[in-house]
Amino acid sequence: MRFSSSALIAGLAGAVLLSACSSSGDGDGGAPSYERSDAVRARVLPQLAATGAEVEAADDAAWVVDVTVADAEDGTAVALVARTDDGWAEVDEEETDDEGRVALTSRSSGELHVVVGDGADAIGTEVSTDDAPEATFTDDFDSDTVDAEGGSWFTRDQGYIGVRTCSRADASAAEVGDGVLRLSVLEDEDASGQCRLPGRRKQFPYRLNGHVGTEGVYGFTYGFAAARIKTQAARGQHSAFWLQAAGGQSAGGPEEGGAEIDVMEYFGDDHPLGGLTSFTYYLDEDGEKQTDGGWVEDLEEYGEDWAEEFHVFSVEWTPEEYVFRIDGQVTHRLDGPTSGREEFLILSLLSSDYELPRFNGELPETMKVDWARVWETGPE
């Protein structure tokens with residue numbers, strides 16, 4: 001247990017000391033023994049972690065337990081214990097950051113114990129997955145819900161304009177099959193000639209983008225939004241999961257005018273800055289565009305082989321902040337004010353003009369989405 005002695009004394013002195021948890025439970029392993037302490041604070045988030053190469057149901061993803069240990073030294077080990085088929089067992093252990101925070105995961109539901117330290121020095125707390133928010137929108141893509149009557153997702157109206165004069169959205173670039181939504185960048189075979197960017201000699205084939213959203217079908221205000229995604233590998237286009245204000249943004253700041261919430265954008269393997277970003281954009285009182293967020297630093301700490309394995313990218317959106325996560329691990333915390341408007345979901349693989357000169361793949365390029373999900377919480 002890596003508390004300083006003074007921090008340990010302060011933590012125990014301020015603890016709510018209850019009888020140690022020592023029930024043996026069912027199965028071979030017994031529940032952990034520790035002194036329950038308010039120095040260890042924990043809450044169960046939704047099922048926001050599911051790394052792997054294969055398709056799986058959203059209901060099978062791992063729960064995330066967000067933990068803060070008061071006065072903990074950087075690198076303090078924290079364990080998560082759950083009741084498994086074989087009895088009580090440690091299902092995860094991670095180390096705190098310099099603010100005493102750590103995220104733990106469990107695929108077992110029900111009662112969970114967060115434990116810091118060993119033996120007689122152990123302190124902790126108990127939580128339950130029953131306390132997590134309930135899902136209010138789920139699409140496992142087990143049936144075709146794109147551009148279909150009664151579906152959730154529709155191809156966005158994006159032509160050869162703006163930052164994408166060489167590409168446009170088209171329904172042919174979005175397909176559902178085998179439990180996966182496939183969004184692609186395709187060559188536009190109906191376009192005549194080639195696209196030439198201003199100031200450049202090289203020309204590029206016109207492209208079609210997979211670009212779908214739930215506008216007019218589903219939106220929410222505050223909560224968690226997540227999608228399990230395999231990105232494309234090549235540069236020259238970017239996978240994205242993002243939210244936009246219903247009816248469009250307006251001036252007046254995010255609370256009044258809404259925001260664009262870019263949960264993730266991946267710009268391809270071997271990008272000099274890692275390749276993955278999270279941003280928010282809004283219009284201030286004068287109608288000027290304001291930006292917050294940035295590149296995910298030390299991206300290798302959160303995963304690798306982004307085009308070979310699914311990862312869950314999520315945002316926790318409250319009136320006070322946005323928290324961006326990859327498989328439950330926090331990558332950015334952006335202080336508010338945040339959007340106070342209803343927002344809808346967008347999934348896309350977009351080829352923007354500024355990316356085309358760096359294209360290093362072969363068309364079609366494709367991203368895959370296993371599922372998308374929302375847990376509405378409201379302003380609380």
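This is a predicted model: local features need pLDDT of at least 70, side-chain atom pairs count only at pLDDT 80 or more; totals for chains, interfaces and linings use all residues.
The largest pocket is lined by 21 residues, and D97, R101, Y302, Q329 and V330 lie nearest its centre.

**The largest pocket**

- The space in the largest pocket comes to about 660 Å³.
- By class, the lining of the largest pocket holds 13 charged residues, along with 5 nonpolar and 3 polar ones.

**The second largest pocket**

- The second largest pocket has a volume of about 540 Å³.
- Its lining is made of 26 residues, and those nearest its centre are V163, R164, W242, Q244 and E260.
- At least two lining residues come from each of β18 (238–245), β19 (260–266), β20 (276–283) and β21 (289–295).
- The largest share of this lining belongs to β20, which supplies 5 residues.
- Here the lining divides into 11 nonpolar, 8 polar and 7 charged residues.

**Aromatic rings that meet**

- There are 12 aromatic pairs in the structure.
- One of them joins F141 and W153 in a tilted arrangement, with 6.1 Å from centre to centre and 40° between the planes.
- F141 and W153 are 12 residues apart, and each is in the loop between β9 (137–139) and β10 (154–155).
- Both F141 and W153 are buried.
- Y218 and F220 make a stacked pair, because their ring centres are 6.3 Å apart and their planes stand at 20°, an angle under the 30 degrees that counts as stacked.
- Y218 counts as buried because its relative accessibility is 12%, and F220 counts as buried because its value is 2%; the cut-off for buried is under 20%.

**Charges over rings**

- R207 lies over the face of F359, at 4.8 Å from the ring centre.
- The ring of Y281 has the charged end of K289 over it, 4.5 Å from its centre.

**Buried polar and charged residues**

- S184 belongs to strand β13 (residues 180–187), and it counts as buried at 11% relative accessibility.
- The side chain of S184 makes a polar contact of 2.9 Å with the side chain of T366.
- E316 sits in strand β22 (residues 311–317) and is buried, with a relative accessible area of 6%.
- A polar contact of 3.0 Å connects the side chain of E316 to the side chain of R43.
- D66, in strand β3 (residues 62–69), is buried too, with a relative accessible area of 13%.
- D66 and E260 are 194 residues apart along the chain, and their C-alpha atoms are separated by 26 Å.

- As background, most residues other than glycine have a negative phi, and most peptide bonds are trans.
- The bond that joins G336 and P337 is a cis peptide bond, with omega of about 10°; P337 is placed in the loop between β24 and β25 (343–350).
- Another cis peptide bond runs from L363 to P364, with omega near 0°; P364 lies in the loop between β25 and β26 (365–376).
- D178 is not a glycine, yet its phi is positive, at about 55°.
- You can find D178 in the loop between β12 (174–177) and β13, where it is exposed, with a relative accessible area of 73%.
- D305 also has a positive phi, near 50°, and is a residue other than glycine.
- The place of D305 is in the loop between β21 and β22, and D305 is partly exposed, with a relative accessible area of 47%.

How values were computed:
Residues are numbered from 1 along each chain as its sequence is written. Side-chain values use heavy atoms; hydrogens and water are left out. On a 1 Å grid over the protein atoms alone, a cavity is a set of points where a 1.4 Å probe fits but cannot get out, and a pocket is an open set with protein on both sides within 12 Å along at least five of seven lines; lining residues have an atom within 4 Å of a point. Grid points are joined across faces, edges and corners, and a volume is the space filled by probe spheres set on the points. Ala, Val, Leu, Ile, Met, Phe, Trp, Tyr, Cys and Pro count as nonpolar, Asp, Glu, Lys and Arg as charged, and the others, Gly among them, as polar. Helices (H or I, at least four residues) and strands (E, at least two) are DSSP runs, numbered from the N terminus. Rings of Phe, Tyr and Trp (its six-membered ring) pair if their centres lie within 6.5 Å; planes under 30 degrees apart count as stacked, over 60 as edge-to-face and the rest as tilted. Buried means under 20% relative accessible area, exposed over 50%, partly exposed in between (1.4 Å probe, protein chains only). A charge sits over a ring if NZ of Lys or CZ of Arg is within 6 Å of the ring centre and within 35 degrees of the ring normal. A polar contact is a pair of N or O atoms within 3.5 Å; within protein, one must be able to donate a hydrogen and the other to accept it, and residues adjacent in sequence count only if both atoms are side-chain atoms.
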